[in-house]
Amino acid sequence: MATTTESNKGRRSTAGGVLVAATVVTGLVAGLFYAYANNVMPALARSDDRVYVEVIQNINDVIQNPVFLLSFNGALLLTAFSAWQLRGSPRIRVWVFAALLVYALAFLVTVVFNIPLNNEIMDAGNPATMTDPAAVREKFEDPWVAWNVVRAVLHIVAFGLLAWALVLYGRHGRSGRQSSPYLESAAGSSASR
């Protein structure tokens with residue numbers, strides 16, 4: 001009996017740890033795209049065309065780093081793994097699964113819209129020798145900014161759903177029942193029978 005209880009506690013803490021990790025990483029990615037929507041792109045909009053194209057190209061080059069890629073892909077994988085771990089807890093899993101679907105949609109927006117636009121502006125060449133940087137900027141700026149807002153909102157929603165799942169996990173534990181040291185001790189005491 002003690003081995004089963006220890007095993008359940010181990011699975012519970014692992015599930016909780018994965019849910020925390022998924023929530024944190026999703027929050028980081030949501031914050032990144034929120035910062036682009038709220039600060040980076042409005043600031044760049046004040047730049048002249050050559051500077052705008054050069055900075056976007058530099059950002060596209062720098063953002064392709066292991067930390068970002070691990071976070072961006074890791075959030076999706078951790079959320080999927082968390083949904084799998086919580087398969088016996090429908091009250092919590094429904095929120096994690098909803099976050100997974102929303103994050104997957106945001107991931108799809110990035111792959112289908114933002115990345116092709118990034119590739120086009122990278123392929124446009126050196127901004128210093130470009131004949132028409134205004135045309136390159138015009139083709140990129142409005143659609144990229146619009147799709148970035150869409151994905152920022154989706155990532156924020158996914159983060160909120162995971163945060164709510166984490167609250168429920170804290171309240172109810174992996175089993176879906178009320179989780180409290182007081183209630184657990186009272187359930188086993190002779191006074192509660």
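Residues are numbered from 1 along each chain as its sequence is written, and side-chain values rest on heavy atoms, with hydrogens and water left out. Because the model is predicted, local features need pLDDT of at least 70 and side-chain atom pairs count only at pLDDT 80 or more, while totals for chains, interfaces and linings use all residues.

Helix α4 covers residues 90-123, helices being DSSP runs of H or I with at least four residues, numbered from the N terminus. Its 34 residues should span 50 Å at 1.5 Å a residue, and the end C-alpha atoms, 47 Å apart, agree with this; the expected span is 1.5 Å times one less than the number of residues. The helix has a kink of about 35° centred on Thr 110, the bend being the angle between axes fitted to the seven residues ending at a residue and the seven starting there. After α4 comes Gly 125, with a positive phi near 105°.

Val 111 also belongs to α4 and is partly exposed, with a relative accessible area of 40%, where buried means under 20%, exposed over 50% and partly exposed in between (1.4 Å probe, protein chains only).

Ala 22, in helix α1 (residues 2-44), is by contrast buried, at 0% relative accessibility. Ala 22 touches Leu 78, Thr 79 and Leu 162, leaving aside residues up to four places away in sequence, a contact meaning heavy atoms within 4.5 Å. The C-alpha atoms of Ala 22 and Leu 77 are separated by 8.2 Å, although these residues are 55 apart along the chain.

The model has three salt bridges, each defined by a side-chain nitrogen of Lys or Arg within 4 Å of a carboxyl oxygen of Asp or Glu. In one of them, Asp 49 pairs with Arg 137, with the closest N and O atoms 3.2 Å apart; this pair links distant parts of the chain, helix α2 (residues 49-63) and helix α5 (residues 133-172), 88 residues apart. Asp 49 is partly exposed at 26%, whereas Arg 137 is buried at 8%. Arg 137 also meets Glu 141 in a salt bridge, at 2.9 Å from N to O, and shared partners join Asp 49, Arg 137 and Glu 141 into one network. Lys 139 and Glu 120 form a further salt bridge, at 3.4 Å between the closest N and O atoms; Lys 139 lies in α5 and Glu 120 in α4, so this pair ties together parts 19 residues apart in sequence.

Key. Helix = DSSP H or I, 4+ residues; strand = E, 2+ residues; numbered from the N terminus.
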